[in-house]
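Here are some notes to read alongside the model. Please keep the structure open and look up each residue as you go.

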Amino acid sequence: MYLKNKNLSVMFLLCLGFLGYSQKHLDRYIEIGLENNEVIKQKNFDINKSLYALKEAQSLFSPNVAFVTNYTIAYGGRTIDIPIGDMLNPVYSTLNQITNSNAFPQLQNQSVLINPNNFYDVKLHTTMPLLNYEIIYNKKIKAQQTTMQKIELEIYQRELVKDIKIAYYKYLQSVEGIRIYENALAIVKENQRVNRSLFKNDKINRTAVLRSDNEVTRIEANLETAKNTSKNAKSYFNFLINQKLDSEIEIDENMELPTEMITENTSSREELKQLGQAKEINENVYQLTRSSWFPKLSGFADLGLQDFDFKVEKSSRYYFAGLSLEWNIFSGNKNRYKLKQVDEDSKKISSQIDNVKQQLLLQFEVSQNNLKSALEQYESDKKQKDTAQKYNGDVTKLYKEGMAIYIELLDAQNQVVNTQLNANISLYNSWIAFAELERANATFNFNK
């Protein structure tokens, strides 16, 4: 616990030193809650999804190989005219005259379709980025987003631990309240029995009997309310650890708040780490946007077969490879305006970091002051409880000796009950305040 001065430390030991430090059951319940909580499971699914997205981003650096096949049938459309007859027929006629033969036939001009008819092309098409800054920064962003989701999970886990602890302390508070009312009921029933006996023997008037009857009824009603409160506290606690709502809760005995010093450590809060990660992501978004001005270089290669009429010959085989360079020269200042937007986001995140730092410090100071007040209140209630018990003992002796009236005895007993209830409330309020301080300082150790 963080204690500002020695006096508060001494008071802390005095008011809680009679208790022993043991929270085995609570620690086990926290483990169960962290393991079974459905929201944590959902967040782990999101983290796994982010890890797969990171692997996807890493795979963009690898070559991509695709099996591609095409078969075309064509008729009509554009053609390429080749005047073979016009070019060769005069030569062939001259040769026929010289040789006095018809060895060189006359040829017709050819018209070839641009679209290939009855043509197939089967190939392995391989592409690979050689220089692409967008892929590089995209991978960095995916990795940082995964880290941010892990931090978000840690934030939720800390909040869940605090809620489990507070719910546990409230349940213990309700159980102790039941015990106090049960003891009080036993006392007022005994008073009722004694008063009725005294009334039968004409030792007291009827007023004392009626008042004792009313006290029994009042304490019974309070006891029933306390039992219902305890049932609700049990249900809520079991809900937090994802168990059946009516499951029994084991109670730690002899608990004491730890007395070790806790120094202010809000700078290591996960909320600040999350904002710091967001700022780093924003910086990489800036570089990603800026990288659109850089050239992109990639390579490609095709290895396959192509020919007409499904023929497969040695000449059908081919390979085709090359490089592709893309360099965006002008985009109407679009990227410049995007960079300005990202820069404004960076300023906003920096402002949020400063604001959250102050909020976390305020939360720590308030939690620390609340714990100090709770401890002081418990010390006061404990002293009042001791005084009320002594006063009740004295009045009880006087009543038995006939030197005090029943109203005085009833008042003394009510003071005992009320001071016990107040001490019980302030004791577990101290525990609750400590859990809130522990959350404000992020000091709970998940690895213990």
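1. How many Å separate the centres of domain 1 and domain 2, taken over C-alpha atoms? The answer is 100 Å. Domain 1 is made of the pieces 24-64, 132-296 and 334-441, while domain 2 covers 79-115; such bounds come from an automatic or database domain assignment.

2. Before going on, a word on the ground rules. This is a predicted model, in which local features need pLDDT of at least 70 and side-chain atom pairs count only at pLDDT 80 or more, while totals for chains, interfaces and linings use all residues. Residues are numbered from 1 along each chain as its sequence is written, and side-chain values use heavy atoms, leaving out hydrogens and water.

3. Please look at helix α6, residues 206-240. Helices here are DSSP runs (H or I, at least four residues), and strands are runs of E (at least two), numbered from the N terminus. The expected span is 1.5 Å times one less than the number of residues. Just after α6, N242 has a positive phi of about 60°.

4. Next, the largest nonpolar core, which has 30 residues. A nonpolar core is a set of buried Ala, Val, Leu, Ile, Met, Phe, Trp, Tyr and Cys residues joined through side-chain atoms within 4.5 Å. Buried means under 20% relative accessible area, exposed means over 50%, and partly exposed is in between (1.4 Å probe, protein chains only). The members that touch the most others are Y29, I30, I164, Y168, Y169, F237 and Y428. Helices α2, α3, α5, α6 and α9 each supply at least two residues, and α5 gives the largest share, with 10. A second, separate core has 12 residues, including I180, I219, L223 and V417.

5. Which residues surround Y168? Leaving aside neighbours within four places in sequence, Y168 is in contact (heavy atoms within 4.5 Å) with H25, L26, Y29, F237, I249, E250, I251 and D252. Y168 is buried, with a relative accessible area of 0%.

6. The whole structure holds 14 aromatic pairs. Rings of Phe, Tyr and Trp (its six-membered ring) pair if their centres lie within 6.5 Å; planes under 30 degrees apart count as stacked, over 60 as edge-to-face and the rest as tilted. Y92 and F104 make a tilted pair, 5.5 Å centre to centre with 40° between the planes. Y92 lies in helix α4 and F104 in the loop between α4 and β3, so this pair ties together parts that are 12 residues apart in sequence. F104 is partly exposed, at 30% relative accessible area. Y168 and F237 are also tilted, at 5.6 Å and 50°. Y168 sits in α5 and F237 in α6, 69 residues apart. F237 is buried, with a relative accessible area of 0%. Ring pairs also join Y29, Y168, Y169, F237 and W431 into a cluster.

7. Finally, is N392 buried or exposed? N392, in helix α8 (residues 334-400), counts as buried at 17% relative accessibility. Not counting residues up to four places away in sequence, N392 touches L409, A412, Q413 and V416.
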